[in-house]
Amino acid sequence: MPVSHLRDLYLVELQEMRSAEDLMARTMPTLARRASNEPLARMLSDDVGETSAHRDRLAAILGGHGADAGEHRDQSMAALVAEADKWSGMIEDPACRDTALIASAQRLQHYEIAAYGSLATWAKQLGFEEDLAVLLDILDEEKKADETLTELAKDVVNPQAAA
Ligand SMILES: [Fe+2]
């Protein structure tokens with residue numbers, strides 16, 4: 001799709017994020033299996049459902065605009081996910097691995113928060129009010145997931161790794 005208007009850029013970014021959510025949904029079960037801390041493992045595996053729902057909501061928005069949901073793949077998320085997979089796969093100490101898993105998961109979340117922030121701003125500027133409501137909803141869920149990871153890291157996982 002040639003990009004010559006904010007609407008085109010908006011649709012391409014939606015396509016990129018749909019692929020990012022899809023990749024995360026496929027990778028999260030592996031990361032969850034590597035977690036030793038029970039609440040962390042549960043949170044990572046619960047995130048698969050939320051991530052799949054985000055992917056499907058983005059596909060629905062793209063469908064509403066007559067855009068092909070699978071046209072673009074996000075290379076930045078692919079790199080972040082590959083790094084998370086490599087890192088968590090090479091750490092032997094369970095507590096340190098949990099700490100690294102949270103750091104990786106938060107990197108993915110922060111990338112998503114940045115992208116959804118831009119998408120929500122663009123939707124508002126373009127007058128796509130229904131899209132905006134969905135994007136703000138997703139953004140809110142990403143922020144909540146990030147906060148939960150921060151609490152888990154500070155209260156439980158990092159102290160165990162430092163002990
Ligand atoms: Fe998401």
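The numbered points below describe a predicted model, taking its metal site, helix packing, nonpolar core and selected residues in turn.

1. The iron site. The iron ion in this predicted model is coordinated by E21, H54, E112 and E142. Along the sequence, the donor residues follow the spacing E-x32-H-x57-E-x29-E. Two of them, E21 in helix 1 (residues 6-34) and E112 in helix 4 (residues 94-126), are 91 residues apart, and the pair links distant parts of the chain.

2. The cut-off behind both assignments is a relative accessible area under 20%.

3. Helix 1 against helix 2. The axes of these two helices, helix 1 and helix 2, come within 8 Å and cross at roughly 155 degrees. Because angles over 145 degrees count as roughly antiparallel, helix 1 and helix 2 are described as roughly antiparallel to each other. Their crossing is left-handed. The contact of helix 1 with helix 2 has 17 nonpolar residues, together with 5 polar and 5 charged ones.

4. Helix 4 against helix 5. For helix 4 and helix 5 (residues 129-162), the axes come within 9 Å, with a crossing angle of roughly 160 degrees. Helix 4 and helix 5 are therefore roughly antiparallel to each other, and the crossing is left-handed. By class, the residues in this contact are 20 nonpolar, 8 polar and 7 charged.

5. Helix 2 against helix 5. The axes of helix 2 and helix 5 come within 11 Å and cross at roughly 165 degrees. That angle makes helix 2 roughly antiparallel to helix 5. Helix 2 passes helix 5 in a left-handed crossing.

6. The nonpolar core. In soluble globular proteins, nonpolar side chains tend to be buried together. The largest nonpolar core of this model has 44 residues. Those that touch the most other members are Y10, L14, L40, L44, Y116, L119 and L135. Two or more core residues come from each of helix 1, helix 2 (38-64), helix 3 (75-90), helix 4 and helix 5. Helix 4 gives the largest share, 11 residues.

7. E130 and I61. E130 is located in helix 5. With a relative accessible area of 71%, E130 is exposed. Although E130 and I61 are 69 residues apart in sequence, their C-alpha atoms are 8.9 Å apart in space.

8. A123 and A41. A123 is placed in helix 4 and, at 0% relative accessibility, counts as buried. The C-alpha atoms of A123 and A41 are separated by 34 Å, and the two residues are 82 apart along the chain.

9. E92 and A69. The loop between helix 3 and helix 4 contains E92. A relative accessibility of 74% means that E92 counts as exposed. Along the chain E92 and A69 are 23 residues apart, and a distance of 39 Å separates their C-alpha atoms.

10. E50 belongs to helix 2. At 26% relative accessibility, E50 counts as partly exposed.

Methods: Residues numbered from 1 in each chain as written. Predicted model: local features only at pLDDT ≥ 70, side-chain atom pairs only at ≥ 80, totals over all residues. Heavy atoms only, no water. Donors = N, O, S within 2.8 Å, 3.2 Å for Na, K, Ca; no water. Helix = DSSP H or I, 4+ residues; strand = E, 2+ residues; numbered from the N terminus. Axes fitted to C-alpha atoms, helices over the stretch in contact; angles between N-to-C directions. Parallel < 35°, antiparallel > 145°, perpendicular 65-115°, else oblique. Left-handed = near helix turned anticlockwise from the far one by under 90°. Nonpolar A, V, L, I, M, F, W, Y, C, P; charged D, E, K, R; others polar. Core = buried A, V, L, I, M, F, W, Y, C linked by side-chain atoms within 4.5 Å. Buried < 20%, exposed > 50% of the residue type's maximum accessible area, 1.4 Å probe, protein only.
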